[in-house]
Amino acid sequence: MMLRPGDGTRDKDAGVALAGGRDFPYTGTMTDATGPRLGGVFAEFIAAVIFLTRLPIHWRGAWPQDLDSRALTWFPIVGTLIGAVGGLVYWGLSAVNVPPLLAALLTVGALMGLTGALHEDGLADVADGFGGGRDREAKLTIMKDSRVGTYGAVALVLSVAARALALAAISSPHHVAVALMGAHAYARCLLPGMKLLLPEARLVGHSAGVGKPNSARALAALLAGFVLAATTLTKLPLDGGMTRLAILLVSGGGMIALALLARRQVGGVTGDVLGAAEQVGEILFLVAVTGALGGGASAP
């Protein structure tokens, strides 16, 4: 189990992080704005930021019981901001003449640092569990093991390589930035729907403890992610609306395929499954953009 910077203990009112299925303590104080008195949209947004990043945000007081599930709505918004940070990193590296492939690798690494490799952790666990488990219980046991096996290691290498090569092929800092923003928004917008529609693979655990979002919130997240991703795609030199739609279908289709595979393999969803789904969506989005651009994009 990995902890955020802090005292290394879990507060009794702490929330439960979804992506990757790991505990994080929310202790100490920041401002009253992050406290439980603000139970509306800003609290939900801050909770989503805490879930998805390693930013040193501390929560004041008790963690509202339903805030975990409400925060899911904001995943695509926070994803867009994460992608924007990646775009800034790539732009800065390009500005000092770092070669595209090295800049892309460092950008992927920086984003993994920002997010604490939450989704990569889920991808590795799912690869190990689905690849090495003989039955449902064995797969779930392997997924809960913090050690990384052969399947997980291969999945991580392929994930980093695919994203870095795609960004290097896109090359243009402007196009890399908008592609990252779209990928990170869209890869997170289907997660609330997966959480809502799939049964919990474990009756007790991190994902089960979060609870399910209601259908309105899951739909809001889906629409927000779709609009954000579609908007970013309009900023790329692509051949028409059908090409943009195809990119979204490839990315979303991969996530849905993983969800169906998880239903068959372990009977439903876990935090690791959600993390792996995000990785599949993000990778396919970037690869599809690269293919649609003909292997790369010239500088604007």
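Glu44, Arg70 and Arg217 are joined in a network of salt bridges, where a salt bridge is a side-chain nitrogen of Lys or Arg within 4 Å of a carboxyl oxygen of Asp or Glu. By this rule, the count comes to nine salt bridges. The model is a predicted one, in which local features need pLDDT of at least 70 and side-chain atom pairs count only at pLDDT 80 or more, while totals for chains, interfaces and linings use all residues. Residues are numbered from 1 along each chain as its sequence is written, and side-chain values use heavy atoms, with hydrogens and water left out. As a friendly reminder, side chains of opposite charge can pair when their charged atoms come close.

- Arg163 and Glu120 form a salt bridge through their side chains, at 3.0 Å from N to O.
- This pair links distant parts of the chain, 43 residues apart, with Arg163 in helix α7 (residues 150–170) and Glu120 in helix α5 (residues 118–132); helices here are DSSP runs of H or I with at least four residues, numbered from the N terminus.
- Arg188 and Glu278 also meet in a salt bridge, with 3.4 Å from N to O.
- Because Arg188 lies in helix α8 (residues 173–189) and Glu278 in helix α13 (residues 271–292), the pair ties together parts that are 90 residues apart in sequence.

**Another pair**

- The side chains of Lys195 and Glu200 meet in a salt bridge at 2.6 Å, N to O.

- Arg163 and Glu120 are both buried, meaning under 20% relative accessible area (1.4 Å probe, protein chains only).
- Both Arg188 and Glu278 are buried.
- Glu200 and Lys195 are both buried.

Conventions
Helix = DSSP H or I, 4+ residues; strand = E, 2+ residues; numbered from the N terminus. Buried < 20%, exposed > 50% of the residue type's maximum accessible area, 1.4 Å probe, protein only.
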